[in-house]
Amino acid sequence: DHITGTPLHWSAKRVTMLTANGVRRDFSPNMVQRFGRLAGELVASTQQQVWQHLRGEFGTPFSIKATKHYLVVYPADRVDRWSSLLENLYSDFHGFFQSHRHALPRTRFPLVVIVLPNREALLQTAALSGHADPRKIAGYYCDRSNRIWIYAPPSNSRQLPLSDHITLRHEATHQLAFNTGIHERFGTTPRWLAEGLAMFFEMPQQPASLRTRDSQSESALRQTAFLNRGDSPRGRNVPLKLLITDDSLFQQSPELAYAQSASLTRFLIRTHPAGYVGYLKHVATRPRFTFYAARTRQTDFSSCFPGNMARLESQWRAFSNTPR
């Protein structure tokens with residue numbers, strides 16, 4: 001196997017490289033017969049080059065739609081219902097940050113979205129990629145392959161069901177955030193920060209810069225799922241310090257973690273927009289492949305939202321409990 005790319009990490013145990021099509025490759029240097037250094041910088045693959053690679057990988061059972069920023073691979077017997085929605089999300093995402101005086105660069109690599117024929121195929125792919133609990137997912141963004149993986153609903157209508165629309169925008173927000181520098185793709189982003197931002201963009205009912213209502217940033221589907229579970233997060237709060245410093249809540253009580261992350265994100269964007277964008281920038285500058293300790297997380301957060309944390313938490317709770 002021949003690999004050409006930019007080294008991201010190099011040690012006696014592991015080499016990590018970024019290839020021309022945006023894929024991250026990890027391998028042991030002991031398995032390499034010969035290393036060579038090429039002149040110049042890595043040139044990203046063109047959309048046409050990635051299209052040809054995808055055609056060879058997926059074959060005739062799939063169609064490939066190229067848009068301005070995306071390559072969407074979907075079953076050939078289905079109608080394309082994803083491309084225009086992805087471009088709308090791209091516009092929403094860039095528009096939001098431009099309105100907050102943080103213009104984003106164009107994505108370096110073509111953004112690839114794989115639509116599998118059914119949920120069973122998605123679960124098999126997720127399990128093979130090492131997803132922790134594939135049984136619960138409706139789609140996911142893989143930072144190693146830099147691809148979104150979702151599945152097509154049974155109906156071949158031109159309108160996506162609301163739940164599928166929400167999943168697509170959520171995962172596409174992750175992909176955009178890690179491809180525009182909002183999050184460092186090879187760093188450690190606090191889980192609440194990544195998921196809160198993705199939930200903020202789930203619903204396109206208003207321009208993202210104006211959206212504040214619960215119904216516009218959390219899906220009706222997820223709210224229904226919360227209320228049908230015994231550990232419903234309604235009325236339950238997570239201490240602010242715990243949420244911003246510890247990702248384990250997403251394993252212990254995921255519904256609660258998602259709900260609180262979405263709530264905190266809406267609060268910070270509405271009441272401290274400059275601080276929120278500044279915090280995103282600060283976290284994204286952290287060194288790659290480094291551990292993000294709880295104390296450092298708290299210090300970074302406090303530096304962008306100065307003042308008494310207890311007071312900020314009280315304001316957050318009041319904001320969350322106010323009808324909108």
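Q: Which residues of helix 5 are buried?
A: In helix 5, the buried residues are W192, L193, A194, E195, G196, L197, A198, M199 and F200, where buried means under 20% relative accessible area, exposed over 50% and partly exposed in between, with a 1.4 Å probe and protein chains only. Helices here are DSSP runs of H or I with at least four residues, strands are runs of E with at least two, and both are numbered from the N terminus.

Q: What is the average pLDDT of the protein chain?
A: The average is 88, and 89% of the residues score at least 70; pLDDT is the predictor's confidence in each residue, from 0 to 100. Over residues 207-232, however, the pLDDT is below 50, although this stretch has 55 contacts in the model beyond near neighbours in sequence, a contact being heavy atoms within 4.5 Å. Where pLDDT is low, the predicted coordinates should not be read in detail.

Q: How many helices and strands are there in the chain?
A: The protein chain has 13 helices and eight strands, and of its 324 residues, 49% are buried. Among the contacts with a separation of 6 or more, 61% are between residues 24 or more positions apart.

Q: Next topic: at what angle do helix 2 and helix 4 pack?
A: Helix 2 (residues 83-99) packs against helix 4 (residues 162-179) at about 50°, and their axes are 10 Å apart. That angle makes helix 2 oblique to helix 4, because angles under 35 degrees count as roughly parallel, over 145 as roughly antiparallel, 65 to 115 as roughly perpendicular and the rest as oblique. The axes are lines fitted to C-alpha atoms, for helices over the stretch in contact, and the angles run from 0 to 180 degrees between N-to-C directions.

Q: Which residues make that contact?
A: Helix 2 contributes L85, L86, N88, L89, Y90, D92 and F93, while helix 4 contributes H165, L168, R169, A172, T173, L176 and A177.

Q: Where is R101, and what about its phi?
A: R101 lies in the loop between helix 2 and strand 6 (111-116), and has a positive phi of about 60° although it is not a glycine. At 80% relative accessibility, R101 counts as exposed.

Q: Is H102 buried or exposed?
A: H102, in the loop between helix 2 and strand 6, is buried, with a relative accessible area of 18%. Not counting residues up to four places away in sequence, H102 touches F97, I182, V277 and K281.

Q: And where is F289?
A: F289 is in the loop between helix 11 (273-284) and helix 12 (294-304), with a positive phi near 55° in a residue other than glycine, and its 25% relative accessibility counts as partly exposed.

Notes: Residues are numbered from 1 along each chain as its sequence is written. This is a predicted model: local features need pLDDT of at least 70, side-chain atom pairs count only at pLDDT 80 or more; totals for chains, interfaces and linings use all residues. Side-chain values use heavy atoms; hydrogens and water are left out.
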